[in-house]
Amino acid sequence: MLIMLPVDGTELSLDAARHLINLVRRGLSARVLLANVQDAPHLYEVVLAPDPETLDAAADGAGQHALQAAGELLSESGITWTSDIGHGDPARVLLDLADRHGCEAIVMGSGRPGILSNARLGSVAQAVVQHATIPVTIVRHAEPEAEPDEDA
């Protein structure tokens, strides 16, 4: 089973990686597609860059950096993985990557809702859940429990 694991280098996306690793340790037979989406370049980046290849190289470098920690966690756990970096609207590109690679499921972090949003999911996670044609598992970030105060 090929499972897409979208990561952006944040602790929220690493929570999803840890969850997926736990599922594999419990017997799920899975290969993983680590995916990252870089925003399209802004106008000032286009104007300042000497050529489009420079922008692509910079975005791919940022994407590789975002994939690094999750890739290390998967490798340390003996899980086979590949990666792909897309460019553009994150939710749309993630769904396109999942389709192109033949993914059978997506496991992703919940993201952070926007300041003005009362949603429980970030906008990318929400859009992926709404438009995916394959199962999507959202992993919520669990804050570590506070240590009991010994003086209390």
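User: Where is Ile79 placed, and what makes it count as buried?

Analyst: Ile79 sits in the loop between helix 3 (52-76) and strand 3, where helices (H or I, at least four residues) and strands (E, at least two) are DSSP runs numbered from the N terminus. A residue is called buried under 20% relative accessible area, exposed over 50% and partly exposed in between, with a 1.4 Å probe and protein chains only. Ile79 has a relative accessibility of 7%, and therefore it counts as buried. This is a predicted model, in which local features need pLDDT of at least 70 and side-chain atom pairs count only at pLDDT 80 or more, while totals for chains, interfaces and linings use all residues. Residues are numbered from 1 along each chain as its sequence is written, and side-chain values use heavy atoms, with hydrogens and water left out.

User: Which residues does Ile79 touch, not counting those up to four places away in sequence?

Analyst: Contact means heavy atoms within 4.5 Å, and on that basis Ile79 touches Ile21, Val24, Ala30, Val32 and Leu74. Val32 is 47 residues away from Ile79 along the chain, yet their C-alpha atoms are separated by 7.5 Å.

User: What makes Ser13 buried?

Analyst: Ser13, which lies in helix 1, has a relative accessible area of 4%, so the word buried applies to it. With residues up to four places away in sequence set aside, Ser13 touches Pro6, Val7 and Asp8.

User: How do you know that strand 1 and strand 2 pair, and in which sense?

Analyst: Two strands pair if DSSP finds at least two bridges between them. Strand 1 and strand 2 are joined over five bridges in the parallel sense, and Pro6 has Ala35 as its bridge partner in strand 2. Strand 1 (residues 2-6) also runs parallel to strand 4 (residues 105-109), and the two bridges between them meet the requirement of at least two. Met4 is bridged there to Ile106 of strand 4. Strand 4 is in turn joined to strand 5 by four bridges, again in parallel, with Gly109 standing opposite Val139.

User: Why do strand 3 and strand 5 stand at the edges of the sheet?

Analyst: The five strands form an open sheet in the order 3-2-1-4-5. Strand 3 (81-87) and strand 5 (136-139) each have a single partner strand, so one side of each is left without a neighbour in the sheet. From one strand to the next the twist averages 25°; axes here are lines fitted to C-alpha atoms, for helices over the stretch in contact, and angles run from 0 to 180 degrees between N-to-C directions. Helix 4 (residues 90-101) packs on the sheet, where it touches strand 1, strand 2 (31-38), strand 3 and strand 4, and its direction makes about 150° with that of strand 2. Helix 5 (residues 123-131) lies across strand 4 and strand 5, running at about 160° to strand 4.

User: What lines the largest pocket, and which residues lie nearest its centre?

Analyst: On a 1 Å grid over the protein atoms alone, a pocket is an open set of points where a 1.4 Å probe fits, with protein on both sides within 12 Å along at least five of seven lines, whereas from a cavity the probe cannot get out; lining residues have an atom within 4 Å of a point. By that rule 22 residues line the largest pocket, and Val7, Asp8, Pro90, Met108 and Val124 lie nearest its centre. Strand 2 gives the most to this lining, with four residues.
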